[in-house]
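Work through the exercises below with the sequence and the model side by side, and try each task before reading its solution.

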Amino acid sequence: PNLLNPHPESTPDRQKIYYGWWMVAITSGMIFFASGIFFRGFTVLVPFIRDALGITQAQTNLIFSIARAEGGLEGPFAGWLIDRYGNRRLLIPSIILAIVGYFVLSFFVSNVWTFALVYLGMVSLGNSIAFQHAMFAGLNQWFRRRRSLAISILAATASLGGLFMVPTMNALITRYSWQTATLLSSALYATILLPLTIWFRNRPEDLGLLPDGDRTPPVASTQMSDDESMTTEAEIRDYTVKEAIRTQAYWMLLFGAGLRQMATLGILVSLIPILETKGVTRQEAANLAGVMFGINFVARLGLGWLGDNWSKSLILGITLSIEALGFLFLFVGEWHGFGVILILLFILSQGIGDGAGIIVWAAVGEYYGRDRFATLRGYITFAFSWALIASPVYAGWVFDHFGSYQWAIGPGGVCAAVAAVCFFVIKKPPQLTKENNSDSKSDSVNTI
């Protein structure tokens, strides 16, 4: 098996590259810049915006945490639109909205209120719909057997964007201004990201293909009687929303993902200020953040391969345990003497642990299928959207009142540890077949 054709016996034409892998390349090119500028680059903007607008750390964190939470708040509605109308119809206008938002941010923001209005109402909204919902839901449509690898390549490229773009953005803002950086961001979105949507396709069926390039839909054997030799093959079908939310696995994924976000985001929003309190200079902190995203790039590729071969709940439990240990290193570490090693171990642990996030979505796709992936993902992001606001604001409040982040780092480690427990206890739900209609009660559905 190889990357472009992992199962050559199941593809209709061995001489052609399955278009799903072209989709991986297209979306990866887009997410490289979107992640480096918005999803990871925001950590560079935090101290500069705080100082330029003369506001507290808690106020700054509130704006950026609401921006990160928008993807969750709009999740159910965006998911429903994607499942109904397709990914491309949301992707293109959302990117245009982000382009205009970055341009307006460069010239028409002079106080905290205008910054919040433009950043939340245009920049964040456009990025969230395009790159949190439409893109991941779109890629999920193209794969079954290699779903984890495909999505993890996309997520790993996002980390690679952070590796290169975060130090670059920090240097650019330091030398010129944050307005110059956002103007260049608008130009990059317009000249690179928007044109790439020309090759974006919603589903393999639109091109007369099946997921993974298979010739036939997946089937499973079910026992027809007490005689084990009497079996029949039935085509596998996806879960409905109602069926999915009746399973234990969905709620454990929801709680685990929420606790993981509570642990991680409060630290990541304030990562550079946190490292500064540990004795690290601002540029060194930006460089360390870039290294962390580089580690995350490698971790996501590795976890993506493992996700197609190992239990996803086991992978999630182990990586969140590593992340919890990393918080302990950060709690006791300082940028001198032996403490330097502890800070570096935190960077390593966080780089590995943050890779677990993408396995959550790979698990949703594997457990429940393609048809309602965007909606089910949207419900999960909506459920923990409050945590995306609360945890960074709490971290900022801790710093404003105590002059350090210790009382934010400690609870973060606890949340990561509890999330690990949630993931460890997940049991994969049974597959469903088309012998039963999608409105069947859960106790009457054939399972494998």
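Predicted model: local features only at pLDDT ≥ 70, side-chain atom pairs only at ≥ 80, totals over all residues.

Residues are numbered from 1 along each chain as its sequence is written, and side-chain values use heavy atoms, with hydrogens and water left out.

**Exercise 1. Describe the largest cavity by its volume and its lining.**

Step 1. On a 1 Å grid over the protein atoms alone, a cavity is a set of points where a 1.4 Å probe fits but cannot get out, whereas a pocket is an open set with protein on both sides within 12 Å along at least five of seven lines; lining residues have an atom within 4 Å of a point. Points are joined across faces, edges and corners, and a volume is the space filled by probe spheres set on them.

Step 2. The count by this rule is three cavities of 30 Å³ or more, and the largest cavity has a volume of about 630 Å³.

Step 3. Its lining is made up of 31 residues, with Arg40, Arg68, Gln132, Gln261 and Arg300 nearest the centre. Helix α10 (residues 248-269) provides the largest share of this lining, six residues; helices (H or I, at least four residues) and strands (E, at least two) are DSSP runs numbered from the N terminus.

Step 4. Sorted by class, the lining of the largest cavity holds 16 nonpolar, nine polar and six charged residues, where Ala, Val, Leu, Ile, Met, Phe, Trp, Tyr, Cys and Pro count as nonpolar, Asp, Glu, Lys and Arg as charged, and the others, Gly among them, as polar.

**Exercise 2. Describe the linings of the largest pocket and the second largest pocket.**

Step 1. The largest pocket contains about 440 Å³ of space, and of the 24 residues that line it, Arg144, Arg145, Arg147, Glu366 and Gln431 lie nearest its centre.

Step 2. At least two lining residues of the largest pocket come from each of α7 (147-175), β2 (231-237) and α15 (356-368), and α15 gives the most, with four. By class, this lining divides into seven nonpolar, five polar and twelve charged residues.

Step 3. The second largest pocket has a volume of about 210 Å³, and its lining of 16 residues has Arg144, Glu235, Ile236, Arg370 and Lys434 nearest the centre. That lining has five nonpolar, one polar and ten charged residues.

**Exercise 3. How do α4 and α6 pack, and which residues meet?**

Step 1. Helix α4 (residues 75-85) packs on helix α6 (residues 112-140) at an angle of about 40 degrees, with the axes 10 Å apart; axes are lines fitted to C-alpha atoms, for helices over the stretch in contact, and angles run from 0 to 180 degrees between N-to-C directions.

Step 2. The two helices, α4 and α6, are therefore oblique to each other, since angles under 35 degrees count as roughly parallel, over 145 as roughly antiparallel, 65 to 115 as roughly perpendicular and the rest as oblique.

Step 3. With contact meaning heavy atoms within 4.5 Å, Gly75, Ala78 and Ile82 of α4 meet His133, Ala134 and Ala137 of α6. The contact of α4 with α6 has four nonpolar, two polar and no charged residues.

**Exercise 4. Classify the packing of α13 with α14.**

Step 1. The axes of helix α13 (residues 312-332) and helix α14 (residues 339-353) come within 8 Å and cross at roughly 155 degrees, which makes α13 roughly antiparallel to α14.

Step 2. Among the residues of α13 that meet α14 are Ile322, Phe327 and Leu330, and the α14 residues include Leu342, Phe346 and Gln350. By class, the contact of α13 with α14 has ten nonpolar, five polar and one charged residues.
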